[in-house]
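Trainee: I would like a close look at one part of this model, the contacts made by its side chains. Please take me through them step by step.

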Amino acid sequence: MKKHSPNQRYLIIIDIIIFLLSLLGVFSIVNKADLPFILSSLNKNLIITELEKENRNYQKNDQIINISGFEFKTKEEIEIFLDGKNPGEKLKAELQRNGKIFQTQIVTVKYYSVFYIVTACIVGILFFLVAIIVLIKCDNKTLANTFHWAFIFTAIIILMTWGNYSKLPIYLGKATRIGFHIGYLFAPIYFLRFSILFPSKTKQLNKLTSNALLAFGAILSILLSYNFLKFSFKFNLDAARGYILIFDISSIFITILIISSILIFINTYATSKDETERKRMRWIITGFIIGPLGYLLLWVIPTRIWNKAILPESFILLLVAFVPITFGIAIIRYRLMNIDVIIKRGIVYTTVIASLLIIYAIILAIVAKLINSQNSELASIAAAITIALLFQPAKEKVQKFVDRKFFRIEYDYRQALKLFDEEVKNIHNKEILINKVLHLINRLIPLYKIGYFTYNDQKNEINKYQNPNFKTTNEKNTIVKLTLNPMAVNYPVSLSALIEPSVRISKIPFSESDEINKSLILCIKSSNINIHGFLILGEKKSETIFTAEDVDLLNIITTSIGLTLDRIMLQEEVIREHLETERLEELNKIKSYFVSSVSHDLKTPLTSIKLFAERLRTISNLKKEKVDEYLDIIEGESDRLTRLINSVLDYSKIEKGVQKYILQKVNVVEVVKKVLVSLDYQFRIGKFKVVTHFENDKIYVNADEDAIAEALVNLLSNSMKYSNLKKEILVSVYKDNANIIIEIKDFGIGISEEEISNIFEPFFRSSNQKIDKSGGAGLGLSIVKHIMDGHNGKVEVKSKIGEGSTFLLIFPLIGNS
């Protein structure tokens, strides 16, 4: 609990004394006397223009010559004189009617209505309350003291205004009027100081200027008090007129100060770049324009110039009430001066509804006054019925208004839950779910920060997962150690300052991160009480606390998230099992196909070898040409068999990750020529025409010669295997920019665009029946790609169905690899 400094305690004691003195001021204004008619100044004469009720002692248009022997020139002089009298007191007066002067008796009445007195008390107390709250809660003592005195002096103006100074014991009555003089002159000085101090903590009013203003205000208050004391013991008209003159000078002084304060606030608002600060300033400026500026423009200036106010004093008082109201709103909604004040909604509901009833009463009173007095009873009945009919709908609208404007409840609770259910019911992915939830919550309750954190139960720590903008103790791995076991927490975790008091929460520090501890933390649990993660929310953008509705909604959302995550995990498990089953079935098919293909590819050369070996053994007297031919076939089929076995072995090494390439400077043209020679037998028996084009006889690359040869053999074998009617293969080697390119072009059946991206996958089989019937293990192109990747190169293909294919082996130039 925050301790109060000795200075604060002394100020609160002074506030209590001032408040008690203010109650005496209220007693004075209750007993303030007035004439039973309204006067107007016409040609420097005071004329009766309106009567409260008919009286034979005076009539409309009568001119006041003197009252109690004093010849008054202004209504203010009469008001000052009557402040020394009591209501109901009889005064001798001389009046002039139709050119004739006659003596009469006037009985004084009460000056202020009950409505005005009640309103003054409420507004004065509001100023006192806000002043004390700021004094206690604000950490900036200079700012707090300045604001405190500005509001206390304003409360003094309201509660100690001109009243009956003779009713109370002699010194107390006069003390209240002197208190009014002090408040009247010092309130605007302190408001000016506050306008300069807020919101900047560095700006200060020049000490000399500040002291000069205080000194001038003190001099004026002393002069007012001196003249007041001169006529208060025994009325003196000259002293009263001197008092009015000084009061006029004082009014000019406070007009300058109030306008200066408003202009400073407007300038601060215009130059501020902080949006939250601007929102606070808007409320303050609104209060000042409606309150003090309204008081100046509608009361002070008109009464000084035309001796008549534009609005009744009670309405001016209602305008002044906007100052503590707007400051209070700025404190509650935007933490004005960093003050945290938690107010239950019920109090706000009651306050706003009470204010609404007062407004209703004012309107109905005006309407009733406009109706003829003969129908007053009918007017009262109509007013009561009207209030009864309007109260309930007004109450409901007020509650919605308070929820939206004070507590920033921007959503309909049921609609929000329905929206959430509709948004997440068809989601089957965790990442999409979390993204959707964070977006939805931020839409319903705009927040400065929101994030989802996963939980490691082995280490009791949380980790950023998605969309968080929280700073953590370890930004590299975004891990935050927890200071408690989340399984032991059954309620949301938060500081009490962030949550409406009626909400049940755990206030235990949650983690090592202060930023997370200052957030609202909700645990997301599975149906079997395991923890999925945590939803962590920063402060609301509205600068208000989390309400009971907010927390209820978030609790239901987190429960729904937990159940949805359970469903997604179960679905993923079923899908994984299904995919695993399909994968195993596919592997079995691939295995069967691979064994079948390899068996066929092995059997074909073995059959040829066996056939021609038997012919050499069994047929005697073969010509040398035939013997050489049979031996070439056996040698070619043996090479073919070796290549097939090497492909299987190479792929096995690639799959295990043990295939290595030894790169050295190699003449790639020589490698191509050797490969073409090794395949001469297959070219001949397939009746293929091979056309070569070498840009140069010596083109070097850093490569593994055997690996390049294997890649070329695979590509050339495919060109023969998937040939069409035109049995021609073009082989080129050339330089292109920073690369060496080996190009192999055939005029075979071609590859569709849809399948080009898949042909380098192991065991891939084309949907083209012509290709599928050509056999093969489906490993050749995957080996080619692995070889090119191992050389920091790449393999590209261009193909068109029915026109053939072109494969490019692209190697970086030596020095560019």
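Mentor: A salt bridge here is a side-chain nitrogen of Lys or Arg within 4 Å of a carboxyl oxygen of Asp or Glu. The model is a predicted one, and it holds nine salt bridges. The idea behind the term is simple: side chains of opposite charge can pair when their charged atoms come close.

Take glutamate 77 and arginine 241. They form a salt bridge in which the closest N and O atoms are 2.8 Å apart. This pair links distant parts of the chain, since glutamate 77 belongs to helix α2 (residues 75-82) and arginine 241 to helix α7 (residues 237-271), 164 residues apart. Arginine 241, with 26% relative accessibility, counts as partly exposed.

Next comes lysine 674, whose side chain meets that of glutamate 705 in a salt bridge at 3.3 Å, N to O. Lysine 674 is in helix α18 (residues 668-678) and glutamate 705 in helix α20 (residues 705-721), so this pair ties together parts that are 31 residues apart in sequence. Lysine 674 is at 53% relative accessibility, so this residue counts as exposed, the limit being over 50%. Glutamate 705 has a relative accessible area of 28% and is partly exposed.

One more pair is glutamate 796 with lysine 794, where the closest N and O atoms are 3.4 Å apart. Glutamate 796 is partly exposed, at 32% relative accessible area. Lysine 794 also counts as partly exposed, at 44%. Salt bridges can also share partners: in this way Lys32, Glu79, Asp83 and Arg177 are joined into one network.

Lysine 32 brings in another kind of contact. The charged end of lysine 32 sits over the ring of tyrosine 111, 4.7 Å from the ring centre.

Now to rings paired with rings. A pair of aromatic rings is described by the distance of the centres and the angle of the planes. The structure holds 30 aromatic pairs. One of them is formed by tyrosine 455 and phenylalanine 534, which is edge-to-face, with 5.8 Å from centre to centre and 90° between the planes. Tyrosine 455 lies in strand β8 (residues 450-456) and phenylalanine 534 in strand β12 (residues 531-537), so the pair ties together parts that are 79 residues apart in sequence. Both residues are buried, and for tyrosine 455 the relative accessible area is 17%. Elsewhere, ring pairs link a cluster that includes Phe70, Trp162, Tyr184 and Phe247.

β8 and β12 pair in the antiparallel sense over five bridges, with glycine 451 standing opposite isoleucine 536 in β12. Tyrosine 455 and isoleucine 531 are 76 residues apart in sequence, while their C-alpha atoms are 7.0 Å apart in space. Six of the seven residues of β8 are buried, so this strand is largely enclosed by the rest of the structure.

An open sheet of five strands has the order β14-β16-β17-β19-β18, with mixed pairing. Its edge strands are β14 (689-694) and β18 (794-800), each of which pairs on one side only. On average, neighbouring strands of this sheet are turned by 15° against each other, with direction ignored. Inside the sheet, strand β17 (residues 739-746) pairs with strand β19 (residues 804-812) in the antiparallel sense over seven bridges. In that pairing, isoleucine 741 stands opposite isoleucine 810 in β19. Helix α20 lies across β16 (728-736), β17 and β19, and runs at about 25° to β17.

Definitions and conventions: Residues are numbered from 1 along each chain as its sequence is written. This is a predicted model: local features need pLDDT of at least 70, side-chain atom pairs count only at pLDDT 80 or more; totals for chains, interfaces and linings use all residues. Side-chain values use heavy atoms; hydrogens and water are left out. Helices (H or I, at least four residues) and strands (E, at least two) are DSSP runs, numbered from the N terminus. Buried means under 20% relative accessible area, exposed over 50%, partly exposed in between (1.4 Å probe, protein chains only). Two strands pair if DSSP finds at least two bridges between them. Axes are lines fitted to C-alpha atoms, for helices over the stretch in contact, and angles run from 0 to 180 degrees between N-to-C directions. Contact means heavy atoms within 4.5 Å. Rings of Phe, Tyr and Trp (its six-membered ring) pair if their centres lie within 6.5 Å; planes under 30 degrees apart count as stacked, over 60 as edge-to-face and the rest as tilted. A charge sits over a ring if NZ of Lys or CZ of Arg is within 6 Å of the ring centre and within 35 degrees of the ring normal.
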